[in-house]
Amino acid sequence: MAEQERDTPFSLGSIKYKYLITSNKRGVGKTSLATNLAVALSKRKKKVGLIDLDLHGTDNLNILRLNGFYEIDENKRVIPKLSSKYLKTISIKASKQNIGQDEVWTDDLSTRVIGQFVADIDWGDLDYLFVDAPPGKGKASLAVIQSILGAKVIFVSTPEKEPLPQLAELIKFYQTAQIPIVGLIENMSGFWCEDCARTGESTFRESNIMNVDYLGRIPFDPHMADFTSSDQFFTEIYPNSEATHGYELVVDKILEDSR
């Protein structure tokens, strides 16, 4: 543990700004949103890193159509994959598969693995790091907080009323951990719910009640599936879509926050 604590600042020391992206539950499009934000920011010629520390769910490497083993440098540190000139990415799930670890990991083992994984990455010089963090407030989330020192947090939610009490608990969890909160992004905004026969309502009012800045909304776009089946990114295929506009507005606020 002492060696891990010594190594972690080294692996992150040259990164100027770090943002954890998390949610109170699965199924809100957290990984897709984190990936699209990283791509949108890299298009502004900022050096961006994207790390997926969520052991379950969608893998950002799959979204970016990257695969294969990671390379190791002369200091035995893992080199993230290049998605573009300005975007590097790495996933703990891909590393887990590379070493044949398909079994379910215990909370304690996951906690140790997350810390060591972060410490073993050689990012080089980065302007920004986006962290796809585990949802909720369990041990894995706490391990990410302890490993990514100096980070701020961005919450992702959808326009549903039922999970809001859990979101409020998650916000309190990060406040207790003294992690600066940037704000809340409403993903899949305007999603049509067939079961309730209506469009989901905005969480703008709730974000104000919870005293969290509303960073913007990413409208639901049925073309998002093209993002994973094309040689181009969603924002490149549909540059004039409302969703692309939403990503750009959120990136503006992240840039403003870092300034």
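This is a predicted model: local features need pLDDT of at least 70, side-chain atom pairs count only at pLDDT 80 or more; totals for chains, interfaces and linings use all residues.
R217 is a friendly place to start: with a relative accessible area of 37%, this arginine is partly exposed.

**Salt bridges across the chain**

R217 pairs with E242 in a salt bridge whose closest N and O atoms are 3.9 Å apart. Since E242 sits in helix α10 and R217 in strand β12 (residues 214-219), the pair ties together parts that are 25 residues apart in sequence. E242 counts as exposed, at 56% relative accessibility.

How many salt bridges does the structure hold? There are 9. Another of them joins D257 and K152, with 3.2 Å from N to O. That pair links distant parts of the chain, 105 residues apart: D257 belongs to helix α10 (residues 242-258), and K152 to strand β8 (residues 152-157). D257 is partly exposed at 26% relative accessibility, and K152 is also partly exposed, with a relative accessible area of 26%.

Then there is D54, which forms a salt bridge with R26, the closest N and O atoms lying 2.8 Å apart. D54 is in the loop between β2 (48-52) and α3 (60-63), while R26 is in the loop between β1 (15-23) and α2 (30-42), so this pair ties together parts that are 28 residues apart in sequence. Is D54 buried or exposed? D54 counts as buried, because its relative accessibility is 3% and the cut-off for buried is under 20%. R26, at 42% relative accessibility, counts as partly exposed. Salt bridges that share partners join R26, K30, D54 and D132 into one network.

| D54 and R26 | 2.8 Å | 28 residues |

**A buried arginine**

R77 lies in the loop between β3 (71-72) and β4 (78-79). With a relative accessible area of 11%, R77 is buried. What does the side chain of R77 reach? It reaches the backbone oxygen of A119, at 2.3 Å.

**A hairpin**

Strands β5 (residues 81-84) and β6 (residues 87-91) run antiparallel and are joined by 3 bridges. The hairpin from β5 to β6 passes through 2 residues. Looking at individual residues, K81 has T89 in β6 as its bridge partner.

Methods. Residues are numbered from 1 along each chain as its sequence is written. Side-chain values use heavy atoms; hydrogens and water are left out. Two strands pair if DSSP finds at least two bridges between them. Helices (H or I, at least four residues) and strands (E, at least two) are DSSP runs, numbered from the N terminus. Buried means under 20% relative accessible area, exposed over 50%, partly exposed in between (1.4 Å probe, protein chains only). A polar contact is a pair of N or O atoms within 3.5 Å; within protein, one must be able to donate a hydrogen and the other to accept it, and residues adjacent in sequence count only if both atoms are side-chain atoms. A salt bridge is a side-chain nitrogen of Lys or Arg within 4 Å of a carboxyl oxygen of Asp or Glu.
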